[in-house]
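Subject: Structure handover

Hello,

Here is the structure you will be working with. My notes on what was found in it follow below.

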Number of protein chains: 2
Amino acid sequence: MTESSQSDLSVVALAGGVGGARLIDGLDRALPPGSLTAIVNTGDDFQHWGLHISPDLDTVMYTLAGLSPEAPGWGIDGDTFHVLAEAKRRGVDDWFQLGDRDLVTHLSRAGALARGDSLTRVTADLCEALGVERPILPMSDAPRPTTIVTRSGEELVFQEWLVKARAAPAVREVRHDGTDQTTQAVLDALKAADLIVICPSNPYVSIDPILTLGGVSDAIRSTTTVGVSPILGGKAVKGPLATMISQIDGLAPSAEAIATHYEGLLEGYAVHRGDGFAGPFPILETNILIQSKEDRVVFARELIEFSRSLR
Amino acid sequence: MTESSQSDLSVVALAGGVGGARLIDGLDRALPPGSLTAIVNTGDDFQHWGLHISPDLDTVMYTLAGLSPEAPGWGIDGDTFHVLAEAKRRGVDDWFQLGDRDLVTHLSRAGALARGDSLTRVTADLCEALGVERPILPMSDAPRPTTIVTRSGEELVFQEWLVKARAAPAVREVRHDGTDQTTQAVLDALKAADLIVICPSNPYVSIDPILTLGGVSDAIRSTTTVGVSPILGGKAVKGPLATMISQIDGLAPSAEAIATHYEGLLEGYAVHRGDGFAGPFPILETNILIQSKEDRVVFARELIEFSRSLR
């Protein structure tokens, strides 16, 4: 990592949903304006009610806008559900919880995409309307849907597996279909980065879709990259990750198992207290449970200091 | 008109928005099940928030479902506007008033159209979910947008002229673009009809779009057709019709001016008390102000009796 001062440090964070969004929020507060770019998974994106839904982009955007509830971490705090109630009443698909205020995001996005705007442009406009100034870049402008292949051979769009099927069917494989092209904005951000942070997101369904895009892994290999474990004390803070590790890689869920998954990409790694192990790179062992806004910024500062110590 | 009993009378009503919807509601109650088909203008259809909005189809559907407020006649009675409030907060286009419950119609329609369903099929499914059993047929499955050419030469999509510009710019011409093909369902309904009713809708923007579709005028000429004046005492019950008559045809707004517009199509005509004139066909002069549900069915019964007397 370059010896630049914190004020001109250029940081890129790769992230999925809630865990990633919280670290990005911490980094956003810990870093001076203009230093952070978030590259966000769009493998979860899907069509619902005729709209393009981008669950991870929205979670990051709402978190940076200060609109997310601390639990469950997604959606808009205090949102109402009048549209959903009417959908239920009429027998319309109601398995995906769309709030009334949240809907404006999806409606605006659908309208703008229909007019021919790119997802990158749409995301920038949505962020601007919510007062979010740090750039949030979708990993790609083209669809790259994540498919869950279950042990019984069924293929499910990710959100259908996660939400509709409650992540119950055992996973045999996670497949990334569609484009393998990222955007120029993503490549430029990676190229300009002094530090890349792999956020505490699900590697299979949130980070791998980004890493496997053309040019991304190469950029990561040529830049100081630190990871943050999404597994704390053998458990995922949220979501189906712990089960997936054993189902897909046959490993017990641990911070180390995640580091193994990212083999060859990391120069440093942050784990929760008690999760330390002897790795091939320096390990920061600290409080990485960052549900509250205060914990987020405290950990982000520690992570930046730790990263500055890496060569 | 055939001498069939009221119970096996087959009636087709051509309609636009609120006025047409009210007469259809009256006919719906006055006729036995299975006798009424509504053919509804889709010239007002437009894209908003990335959704396909069908104002007239929805007004007829909500009216038959008993969901419309008596005033203003469109939308869902008691609907909330949480989505619209958020749109306003974010600076998203908010000139078209979409309620939260109403939105489910547009979202369902957008989803189904995106899956490849026809507008006819979508409309049938939306009606079924709201318990509306009488067939409501869109005049066409393909776009046929109504464009208002203003006196200053500006061209506006109809709803933008009507709602956004508050019908203020003077009209030079009403243009019907897009398809001139109706659907097989419409042609079959017209062919099976013993009686066609031209509802008290705006002829320029609600009825002409239907009449000028291939095969419709011919079907009307070969079947007993009665019109109902949308002008009462020189005024339109609702909307910009009175002004349009003078702007487009240079005539004072009157029941007779409307009948002249439909020259050659009518075998009978219903006008409000005091609006009678010596026409080339029998005229029913009665109370045609049908805002209340009771007035609608009383007038519908009178109109059916009157139509049965025509040869």
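**A buried leucine**

Leu57(B) counts as buried because it has 29 C-beta neighbours inside 10 Å (buried takes 20 or more other C-beta atoms within 10 Å of a residue's own, exposed 12 or fewer, and partly exposed lies in between, with C-beta atoms placed from the backbone). This is a predicted model, in which local features need pLDDT of at least 70, side-chain atom pairs count only at pLDDT 80 or more, and totals for chains, interfaces and linings use all residues. Residues are numbered from 1 along each chain as its sequence is written, while chains are lettered from A and ligands numbered from 1 in the order in which they are written.

Leu57(B) sits in helix α2 (residues 55-64) of chain B (helices, H or I of at least four residues, and strands, E of at least two, are DSSP runs numbered from the N terminus). Leaving out residues up to four places away in sequence, Leu57(B) touches Val40(B), Thr42(B), Thr123(B), Ile136(B) and Pro138(B) (contact means C-beta atoms, placed from the backbone, within 7 Å). Thr123(B) is 66 residues from Leu57(B) along the chain, yet their C-alpha atoms are separated by 7.8 Å.

**Helix α12 of chain B**

The 16 residues of α12(B) (residues 293-308) should span 22 Å at 1.5 Å a residue, and the end C-alpha atoms are 23 Å apart, which agrees (the expected span is 1.5 Å times one less than the number of residues). Its buried residues are Arg296(B), Phe299(B), Ala300(B), Leu303(B), Ile304(B) and Ser307(B). They cover an arc of only 140° around the axis, so they lie on the same side of α12(B) (the arc is that of the directions from the helix axis to the C-beta atoms). Glu294(B) and Glu305(B), on the other side of α12(B), are exposed. The cover over the buried residues of α12(B) includes α1 (18-30), β9 (195-198), β10 (224-228), β13 (268-272) and β14 (283-286) of chain B.

**The two chains**

The contact takes 21 residues from chain B and 21 residues from chain A. On the side of chain B that touches chain A, α3 (82-90) and α4 (100-114) of chain B are the elements giving two or more residues. The largest share of that side, nine residues, comes from α4(B).

**Confidence**

The model scores ipTM 0.87 and pTM 0.88.

Regards

Key: Two residues are in contact if their C-beta atoms, placed from the backbone, lie within 7 Å.
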